[in-house]
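Please consult the sequence and the coordinates shown here.

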Amino acid sequence: MGSGVEDGQEEPHSKNHHLQPIPLLTPYNLGNFHLAHRIVLAPLTRQRSYNYVPQLHAILYYSQRSTKGGLLIAEATVISETARGYSFTPGIWTKEQVEAWKPIVDAIHAKGGIFFCQLWHVGRVSSYDFQPSGQAPVSSTDKLLPPQIQADGIHVHEYSPPRRLRTEEIPQIVNDFKLAAVNAVEAGFDGVEIHGAHGYIIDQFLKDQINDRTDEYGGSLENRCKFALEIVEAVSNAIGAHRVGIKLSPFDNYNESGDSNPNALGLHLAEALNKYNILYCHMVEPRYWEKTEHLEDKSLLPIRKAFKGTFIAGGGYDREGGNKAVDENRADLVAYGRLFLANPDLPQRFQLNAPLNTYNRETFYTPDPVVGYTDYPSLETTE
């Protein structure tokens, strides 16, 4: 669902509060946004919403993790009725949802944070139960996604056979992304991140393991990227390219979304995205998906060099790895998932090299409004 990181072994808390800024804690200009540091809250599905409406307890969760000049990316937010695939996730296609997001966004802005909304359509990662009138989920394909063990390692999701979108239906999905982006700005978000990763609908068009179309949206690399780029163009035209980011994961196989040539896919997308002058590209490290030492031929570096906007890297980063990525210019910003989930004051802990709370995987996706959500202690409460 969202991205995540591994626990890093940290050295004991330093008593010197006047430390030299580490690379992660140096300022950065993200377009018109002046970031005080380079630590980004990754978009993390938390499943704490009710009936696709975000709840008031999200105010505390996000404001705990907000800092002046810090970038937060909201959890994956459903763009339409056909985009649903998980329980207790928030949406942004109705007036009620837009109104419910406003106090959450206001709380982040009150702390000086910058808040982006991740726009999500799951495509075939769904079932009849989630769809209007119990219809089939829509996708690039009619190939069924086999049952998948979820990111918590516990739950298994079963899926229904998807329906391949007809060529003439695709503009409607593009329009759903555009309307959701307009709604996000109406709710007060500073911008949007288009979710093009992890085997959801955009990835279902991008990846040749899934996309078996014979129309203009299938076959060649250019054709498979067409849907993603049409969404980027429509969203940019609606709210301004300076408010638009995209998340991509060319190397991953989540939800059976592998590609035969991820290097070529990532590079083609990076170069094609330059035409639209979007604010940032957020990419997931290959190592996050393949727990192997043999990743020499799989790197984000050529993609990072090809993309002209801000580059955010995520997946598998600890304090040392994030500092190194910024120091070596392999990323402008680094997204943290699980470490930020368990450490609401992660930037401060990284500054002080303080010990980190350990995350509890079992409470990642429970609908409880407190447990595993807002009850991780900050340094102030532990001292």
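## Helices α5 and α6

In this predicted model, helix α5 (residues 221-239) and helix α6 (residues 262-273) have axes that come within 11 Å and cross at roughly 40 degrees. The two helices are therefore oblique to each other. The crossing of α5 past α6 is right-handed.

On the α5 side, the contact is formed by Leu221, Glu222, Cys225, Leu229 and Val232, which meet Ala264, Leu265, His268, Leu269, Ala272 and Leu273 of α6. Sorted by class, this contact comprises 9 nonpolar, 1 polar and 1 charged residues.

## Helices α1 and α2

Helix α1 (residues 57-64) packs on helix α2 (residues 95-110) at an angle of about 25 degrees, and their axes lie 9 Å apart. Because angles under 35 degrees count as roughly parallel, α1 is described as roughly parallel to α2. The passage of α1 across α2 is a right-handed crossing.

Ala58, Ile59, Tyr62 and Ser63 of α1 are in contact with Trp101, Pro103, Ile104, Ala107 and Ile108 of α2. This contact has 8 nonpolar residues, 1 polar residue and no charged residues.

The model contains 1 cavity of 30 Å³ or more. The largest cavity holds about 30 Å³ of space.

Its lining consists of Arg48, Ser49, Pro54, Gln55, His57, Ala58, Glu75 and Tyr373. By class, 3 of the lining residues are nonpolar, 3 are polar and 2 are charged. Ala58 takes part both in this lining and in the contact of α1 with α2.

Methods. Residues numbered from 1 in each chain as written. Predicted model: local features only at pLDDT ≥ 70, side-chain atom pairs only at ≥ 80, totals over all residues. Heavy atoms only, no water. Axes fitted to C-alpha atoms, helices over the stretch in contact; angles between N-to-C directions. Helix = DSSP H or I, 4+ residues; strand = E, 2+ residues; numbered from the N terminus. Parallel < 35°, antiparallel > 145°, perpendicular 65-115°, else oblique. Left-handed = near helix turned anticlockwise from the far one by under 90°. Contact = heavy atoms within 4.5 Å. Nonpolar A, V, L, I, M, F, W, Y, C, P; charged D, E, K, R; others polar. 1 Å grid on protein atoms, 1.4 Å probe; cavity = no way out; pocket = protein on both sides within 12 Å on 5 of 7 lines; lining within 4 Å. Points joined across faces, edges and corners; volume = space filled by probe spheres on them.
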